[in-house]
Amino acid sequence: MPLESGLLEILACPACHSSLTEQDTELICTDTSCGLAYPVRDGIPVLLVDEARRPD
């Protein structure tokens, strides 16, 4: 489910404050040194570092 338009413009990675991009059911940090992937559950981004997946 795509996020509401304009939402990605105001969201930022809580760890490094970089912008996020939507990919499948996750929001991915655009900073290559961070790269955390945050889950989106029921259309709601879970922007908690403890819930994020580390890059592969």
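Okay, let's start with a question: is glutamate 26 buried or exposed? Glutamate 26 is buried, because its relative accessible area is 19%, and buried here means under 20% relative accessible area, with exposed meaning over 50% and partly exposed in between (1.4 Å probe, protein chains only).

Before I go on, a word on what we're looking at. This is a predicted model, where local features need pLDDT of at least 70 and side-chain atom pairs count only at pLDDT 80 or more, while totals for chains, interfaces and linings use all residues. Residues are numbered from 1 along each chain as its sequence is written, and side-chain values use heavy atoms, with hydrogens and water left out.

Back to that glutamate. Glutamate 26 sits in strand β2; strands (E, at least two residues) and helices (H or I, at least four residues) are DSSP runs, numbered from the N terminus. The side chain of glutamate 26 has a polar contact with the side chain of arginine 53, at 2.8 Å. By polar contact I mean a pair of N or O atoms within 3.5 Å; within protein, one must be able to donate a hydrogen and the other to accept it, and residues adjacent in sequence count only if both atoms are side-chain atoms. If you skip the neighbours within four places in sequence, glutamate 26 is in contact with Thr21, Ala37, Tyr38, Pro39, Val40 and Arg53, contact being heavy atoms within 4.5 Å.

Now the sheet. We have an open sheet of 4 strands in the order β1-β2-β3-β4, with antiparallel pairing. β1 and β4 (44-45) are at the edges with a single partner strand each, so one side of each has no neighbour in the sheet. Two strands pair if DSSP finds at least two bridges between them. β1, residues 20-23, and β2, residues 26-29, pair antiparallel over 4 bridges, and glutamate 22 stands opposite leucine 27 in β2. On to the next pair: β2 and β3 (residues 37-41) run antiparallel and are joined by 3 bridges, with isoleucine 28 opposite alanine 37 in β3.

Which residue takes a positive phi in the hairpin of β1 and β2? That's aspartate 24, near 55°, in a hairpin with 2 residues between the strands. Aspartate 24 isn't a glycine, by the way, and at a relative accessible area of 71% aspartate 24 is exposed. Histidine 17 also isn't a glycine and has a positive phi, of about 70°. You'll find histidine 17 in the loop between α1 and β1, and histidine 17 counts as exposed because its relative accessibility is 65%.

Serine 18 is in the loop between α1 (7-10) and β1 as well. Serine 18 counts as buried, though, at 17% relative accessibility. Neighbours within four places in sequence aside, serine 18 contacts Ala12, Cys13, Cys29, Thr30 and Asp31.

Okay, cysteines. How many disulfides does a search of the whole structure find? It finds 0, taking a disulfide as a pair of cysteine sulfur atoms within 2.5 Å. For cysteine 13, the closest cysteine sulfur is in cysteine 34, 3.8 Å away, and that's too far for a bond. Both of these cysteines are tucked away: cysteine 13 is buried at a relative accessible area of 1%, and cysteine 34 is buried at 14%. Not counting residues up to four places away in sequence, cysteine 34 touches Cys13, Ala15, Cys16, Cys29 and Pro55.

That brings me to the core. The largest nonpolar core has 11 residues, including Cys13, Cys34, Leu36 and Ala52. A nonpolar core is a set of buried Ala, Val, Leu, Ile, Met, Phe, Trp, Tyr and Cys residues joined through side-chain atoms within 4.5 Å. β2 and β3 each supply at least two residues of this core.

Last stop, leucine 36, which is in the loop between β2 and β3. Leucine 36 counts as buried, at 1% relative accessibility. Leucine 36 and alanine 52 are 16 residues apart in sequence, yet their C-alpha atoms are 6.0 Å apart in space. With residues up to four places away in sequence left out, leucine 36 touches Ala15, Leu27, Ile28, Cys29, Val49, Ala52, Arg53 and Arg54.
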